[in-house]
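The sequence and structure come before the discussion.

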Amino acid sequence: SQYIQASLRLAQILGENDPVSAEQGASGLTVLNDMLGFFRGKGVEIGIPPQSSTTATLLVPEEDRLELKYVFAAFLCMDYGRAPPAHIASIAEGGMQKFLRRAVIADQLTNNASMPLGAAGGGVYNILTGV
């Protein structure tokens, strides 16, 4: 609920002292799960499983908390039919790039320069004797 509340405030959907209503919490949870599914569909794993309760504790790495809130705020803006403010969109875009970059780096293949088994002809070839 803290991420829902913080992101709703960033998106200017909630005022500073307004509590999250039950409907906003349920809607926010749906948007959060949709956002996590969107990331997984792009090959990005943030490490947050789908959530079923607003009282669950999200264990988000410290280095991802700010970007996650802003990306979530941008998704909430779209859910409420409004464009995210420019500063939200800018930080959210940077967060998306960071998450995508990390996913690409994690999935990159290492270069194995050794020759595949059997590709060398199975032995030594002497160019002088032809054997």
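E67 and K98 join through their side chains in a salt bridge with an N to O distance of 3.2 Å, the term being used for a side-chain nitrogen of Lys or Arg within 4 Å of a carboxyl oxygen of Asp or Glu. This pair connects distant parts of the chain, since E67 lies in helix α3 and K98 in helix α4, 31 residues apart; helices here are DSSP runs of H or I with at least four residues, numbered from the N terminus.

The model is predicted, so that local features need pLDDT of at least 70 and side-chain atom pairs count only at pLDDT 80 or more, whereas totals for chains, interfaces and linings use all residues. Residues are numbered from 1 along each chain as its sequence is written, and side-chain values use heavy atoms, with hydrogens and water left out.

K98, which belongs to helix α4 (residues 86-107), is buried at a relative accessible area of 18%, where buried means under 20%, exposed over 50% and partly exposed in between, for a 1.4 Å probe and protein chains only. E67 is buried as well. When neighbours within four places in sequence are set aside, K98 is in contact (heavy atoms within 4.5 Å) with E63, D64 and E67.

## A network of charges

Side chains of opposite charge can pair when their charged atoms come close. D64 and R102 form a salt bridge through their side chains, at 2.9 Å from N to O, and this pair too spans distant parts of the chain, with D64 in the loop between α2 (22-41) and α3 (65-79) and R102 in helix α4, 38 residues apart. D64 is buried, with a relative accessible area of 2%, while R102 is partly exposed at 33%. Salt bridges link D64, E67, K98 and R102 in a network.

The count of salt bridges comes to 4, and one of them joins R40 to E45, whose closest N and O atoms are 3.2 Å apart. R40 is partly exposed, its relative accessible area being 32%.

Apart from residues up to four places away in sequence, M35 touches L68, V71, F72 and F75.

Key. Helix = DSSP H or I, 4+ residues; strand = E, 2+ residues; numbered from the N terminus.
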